[in-house]
Amino acid sequence: MSSVLSDSSDSPAASAASAASAASPADAGVSALLRSPFERLLLAAGIDPQQPWQTVLLCLVFRDGPLTQAGTWRGLFATCFPHVDFRRLRAADMIRIPLQLAWLLVVRIKPLPASRSWKSRFESTLDRLLALVVAAMPTSLRSAASRLSQRVNRASSDVNAMEAKAEEFAQHGIWDHPTVRYVAYACAATLALLCITTPFSTLAQLIFVTLLWIIAMLIRRIPGPVATLLLIVLSVTASTRYLWWRVAFTLNWDETFDFFWGVLLLFAEIYTWVILVLGYVQTSWPLRRGPTPLPENDRVWPTVDVFIPTYNEPLKVVMPTVYAALGIDWPRDKINIYLLDDGRRDEFRRFAAEAGIGYIIRPNNFHAKAGNLNHALTKTNGEYIAIFDCDHIPTRSFLQATMGWFVRDPKLALLQTPHHFFSPDPFERNLGLFRSMPNEGELFYGVIQDGNDLWNATFFCGSCAVIKRGPLEQVGGIAVETVTEDAHTALKLQRLGYRSAYINLPQAAGLATESLSAHIGQRIRWARGMAQIFRLDNPFLGKGLNWAQRICYGNAMLHFLNGGPRLIFLTAPLAFLLFHAYVIYTPAISVILYVLPHMVHANITNSRIQGSHRHSFWAEVYETVLAWYIVRPTTVALLDPHKGKFNVTAKGGLVEKNYFDWTISLPYLVIVGLNLLGFIVGIGRIIFGPADEIPTTLLNLFWTGYNVLLLGAAISVASETKQVRRSHRVNMRLPAVLHLPGGQLVRCETEDFSEGGAALQMEQVPELPAEELVMVALWRGDEEFTFPARVVGHSSTRLRLRWELTTTEQQMTLVQCTFARADAWVSWAEGRHRDKPLLGLRKVLTTGVEGYRRVAEHALPSTMPLARKTTSALNWIASLLPRPPRPVKNSTHP
């Protein structure tokens, strides 16, 4: 039986629909001649007239929904009342049942279409419409339609021939002639200019934006990059028209105060428009490069030095990275691993000697990580350098997946892979979003870097990358002029004409920042460094870069200047609500007709481009959290790029208890207070102010309300959730075998694992006392390894274990069988839903409400019992509301 609101392929109506879609519209019309008018109407509606009359009646009311598929009366009851257990009725069910009955009488349940391509859904809809038209025709017209259909079928071969000729004409070489291309560009630019700058009346603007929206909604369902380009054209058109309208018609030149606020908001909007357009250029056609094979003879493979820099991280964080590096599949005589210890610790020196790797220190810490790497360059001689942050654990296939491109392309100097994190960042942990929604950095590694790769503008990201030694030495080593030495190094390499590449295949995984304060500190360094590069080595200036590379680098650097514009957007409506300043000097209806299309098309297009790697409206939450903290460092870096120092991002720490970070959230609590004050004043303007200002006041109140909820979502991240595990558990299913003390073997699989233990799933867990010693077998490729473990606890199908590793070799092998597997992170995002803009908006707004609840919980803990009772009461009321029918398999309800 199908799930709620979905078609069932074996239902009678679905069979009729599939039969109708298999036949041509004309054939359907001919067959309809042999049926009664009522039967023809049923067929046109997709209902099989041969069904029993009760089922036909249900289909007419519920359109082949779940009620028509319930099967038995028991199934029908269970389907109609999914929130009522008839075996154990409760007092509140006496309210639920009448409400549900009333709802079923007035609501028409329609099934969602089965998962099909846009083309098949479109063709099926056309077939049904044509069949309905044919069924309603008089007999003479139906006969004429049948004859016309036969003529069309005979002419179809001629149509195919015409299509072939048109295709041949489209492939003619004349279209590649420069003159023809430039003429086409000029015509397109002229039409775009007219479309953007032609003044419209209010009605004409409404019609124009409605047509743009209809076209966008049709195009967004068409697969392929060409449809994405069309959406980009529509979005740029709507946004540029909005910007032109803002400049030409919305500034109040007669009032100095209004003009100042209006220009301030306009500058912020110009900034966002520039970022939007540059982002479209950067990401419109991702390259999606894959690995390329190496030569079969591994004797010709190049030599590689693996650098693992560390400064103040604990040895427990560094050990798995070293163990995984020792397991990389590469000829042993062609790979050397070095631990670069800027902390100069004896513990690390002894560990490196025990592991059999190189250990390099230097007499000072000049230039931080960049200086550490550059010093190691002078002590090694491998042809290529693979760099991993000390918490990034490489997979065994890392070099196999990356080095083929260097062998294939002698001009390739840099190849980057994604930074993948197996622990949640503060957003994911504090908001409970880990693995259910893309994290903050996934947009860059999932979309932007693939777009950069098309334009030969891949950024070096400091870790999980390979660099060719010769070009790196030619540019003077890792850049030391800025605190984002990685991106600056890539820029220098590309200025000399070297190529770069990106493979969007996670080949290493590491630890995310543990706390919001550490996360913000890391982003401050990135923002300061990109602003420094913008001042010292501006990508829009200088030699060596093509126009696309300049756009990719320029957009990345300009992006970190978003703190100021974001703060302007969060406070702009207060100019009117508190000071009666018209920041947009025009009627409210005009604002809606221009700003709404700009926002809608930008969200539709970005959802299409970014949907798998960034959900709608969450970028605003991330930017809001960072806005206050990156304004000052980026401004200082633009004015004096030599100020500021490198700060190391702490990893491997703990959050010992739940707490609210009042220091981090204080600036946003102040802005919330100002917005609430503006909201109260705005309500007063509606009650006591002029009637002609009510639309403008309502518009600003709506904007303020959205800002308050957005700030609430940002504040919610400051509610730190306890994290006391020193070894992060990774949810991953791996085949395993449990060796029991008596010699029995039990096949099972891991539910999760960590450096400290694992959880195994099996059909039936044998009786094992706590602290019982068992052995667990795991695989690395075709090799089997066993590890001792003690029982911590169990349920009927789940066994929790604690590793009892006694040797360095066991620790190393465990890492290589788990974290360093070649396929460890490939399927990490499986099962995650693609972005839906309206659902993204709802999630952001509900998170905003949750943020204020958290503030109240930490600020006024005595009010929490009342809040919990209120929430419980609201949940009880919600349980009374009607529910969509849901078929229940094997129902036992009476």
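**Salt bridges in a predicted model**

Q: What is the relative accessible area of Glu749?
A: Glu749 has a relative accessible area of 29% in this predicted model. Buried needs under 20% and exposed needs over 50%, so Glu749 counts as partly exposed.

Q: Which residue forms a salt bridge with Glu749?
A: Arg733 does. Their closest N and O atoms are 3.0 Å apart.

Q: New topic. How many salt bridges does the count come to?
A: The count is 31 salt bridges.

Q: Which residue forms a salt bridge with Arg289?
A: Asp453, with the closest N and O atoms 2.8 Å apart.

Q: Why does that pair tie parts together?
A: Because Arg289 sits in the loop between α12 (256-283) and β1 (304-310), while Asp453 sits in helix α18 (residues 442-454). Those parts are 164 residues apart in sequence. Both Arg289 and Asp453 are buried.

Q: What about Arg362 and Asp342?
A: Their side chains meet in a salt bridge, 2.7 Å from N to O. Arg362 is in the loop between β3 (358-360) and α15 (368-377). Asp342 is in the loop between β2 (335-341) and α14 (346-355). Arg362 is buried, at 5% relative accessibility. Asp342 is buried, with a relative accessible area of 5%.

Q: Last one. Which residues are linked in a network?
A: Arg729, Glu751, Asp752 and Arg798, through salt bridges.

Key
Residues are numbered from 1 along each chain as its sequence is written. This is a predicted model: local features need pLDDT of at least 70, side-chain atom pairs count only at pLDDT 80 or more; totals for chains, interfaces and linings use all residues. Side-chain values use heavy atoms; hydrogens and water are left out. A salt bridge is a side-chain nitrogen of Lys or Arg within 4 Å of a carboxyl oxygen of Asp or Glu. Helices (H or I, at least four residues) and strands (E, at least two) are DSSP runs, numbered from the N terminus. Buried means under 20% relative accessible area, exposed over 50%, partly exposed in between (1.4 Å probe, protein chains only).
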